Amino acid sequence: MYDHIGLKVRDIDASARFYKAALSALGLAQCSRDATSASFGPEGAPGLYLSAGTPSPAMHVAFKAPDRAAVDRFYRDGLKTGGQDNGGPGLRADYSPTYYAAFLLDPDGNNVEAVCLR
């Protein structure tokens, strides 16, 4: 539904590590990296761009997961690389009966979600 999202981050190294680990669980890869930026998405088709700078107020970004196990890996791997718990993996019946998601805060406080609707 979106073409791309750009986020300003305080520490490009910490943010690149976090997103690389968390998003790999969803089948997404780091597409580019230099001293001041990084991009992520399907191989050769980045949709998330990080650039060094002053972060905006916290944002919410949700990524589709292919299955519930990927949501679990996203959460686990994101915690290991600097993410903070903002809601562990589980069903969110108040959203829908099959809404399985996990939420992490990235190193800049953005609410990052992985969701599987099956």
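## Strands β5 and β9

Let's start with Lys 64, whose bridge partner in β9 is Val 115. β5 and β9 run parallel and are joined by five bridges; two strands pair when DSSP finds at least two bridges between them. Helices (H or I, at least four residues) and strands (E, at least two) are DSSP runs numbered from the N terminus. The model is a predicted one, in which local features need pLDDT of at least 70 and side-chain atom pairs count only at pLDDT 80 or more, while totals for chains, interfaces and linings use all residues. Residues are numbered from 1 along each chain as its sequence is written, and side-chain values use heavy atoms, with hydrogens and water left out.

β5 covers residues 60-64, and its side chains alternate along the strand.

Within it, Val 9 has Ala 52 of β4 as its bridge partner.

The other pairing of β4 is antiparallel, with four bridges to β3 (residues 37-41). Ser 37 stands opposite Ser 51 of β4. β3 and β4 make a hairpin with six residues between them, and Gly 44 in the turn has a positive phi of about 80°.

## Helix α2

α2 runs over residues 68-80, and its 13 residues should span 18 Å at 1.5 Å a residue; the expected span is 1.5 Å times one less than the number of residues. The end C-alpha atoms of α2 are 19 Å apart, which agrees. At the start of the helix, a side-chain oxygen of Asp 67 comes within 3.3 Å of the backbone nitrogen of Ala 69. Just after α2, Gly 82 has a positive phi of about 105°.

Which residues of α2 are buried? They are Ala 70, Val 71, Phe 74, Tyr 75, Asp 77 and Gly 78. An α-helix has 3.6 residues a turn, so residues three or four places apart point the same way. The buried residues of α2 pack against α1, β6 (84-85), β8 and β9, with contact meaning heavy atoms within 4.5 Å.

## Salt bridges

How many salt bridges does the structure hold? There are three, each a side-chain nitrogen of Lys or Arg within 4 Å of a carboxyl oxygen of Asp or Glu. Arg 10 pairs with Asp 108, with the closest N and O atoms 3.6 Å apart. This pair links distant parts of the chain, 98 residues apart: Arg 10 is in the loop between β1 (5-9) and α1 (12-24), and Asp 108 is in the loop between β8 (100-105) and β9 (111-116). Arg 10 is exposed at 58% relative accessibility, whereas Asp 108 is buried at 11%.

Arg 33 and Asp 13 form another salt bridge, at 2.3 Å from N to O. Arg 33 belongs to β2 (residues 29-33) and Asp 13 to α1, so this pair ties together parts that are 20 residues apart in sequence. Arg 33 is partly exposed at 34%, and Asp 13 is partly exposed at 41%. Asp 77 and Arg 76 also meet in a salt bridge, at 3.2 Å from N to O. Asp 77 is buried, with 17% relative accessibility, while Arg 76 is partly exposed at 40%.

## Aromatic pairs

The whole structure contains three aromatic pairs; rings of Phe, Tyr and Trp (its six-membered ring) pair if their centres lie within 6.5 Å, and planes under 30 degrees apart count as stacked, over 60 as edge-to-face and the rest as tilted. Why is the pair of Tyr 19 and Phe 40 called tilted? The ring centres of Tyr 19 and Phe 40 are 6.2 Å apart and the planes stand at 40°, so the pair is tilted. Tyr 19 is in α1 and Phe 40 in β3, 21 residues apart, which links distant parts of the chain. Tyr 19 is buried with a relative accessible area of 1%, and Phe 40 is buried with 2%.

Tyr 95 and Tyr 99 form an edge-to-face pair, 4.7 Å centre to centre with 80° between the planes. Tyr 95 is partly exposed at 49%, whereas Tyr 99 is buried at 17%. Finally, Phe 18, Tyr 19 and Phe 40 make up one aromatic cluster.

How values were computed:
Buried means under 20% relative accessible area, exposed over 50%, partly exposed in between (1.4 Å probe, protein chains only). A polar contact is a pair of N or O atoms within 3.5 Å; within protein, one must be able to donate a hydrogen and the other to accept it, and residues adjacent in sequence count only if both atoms are side-chain atoms.
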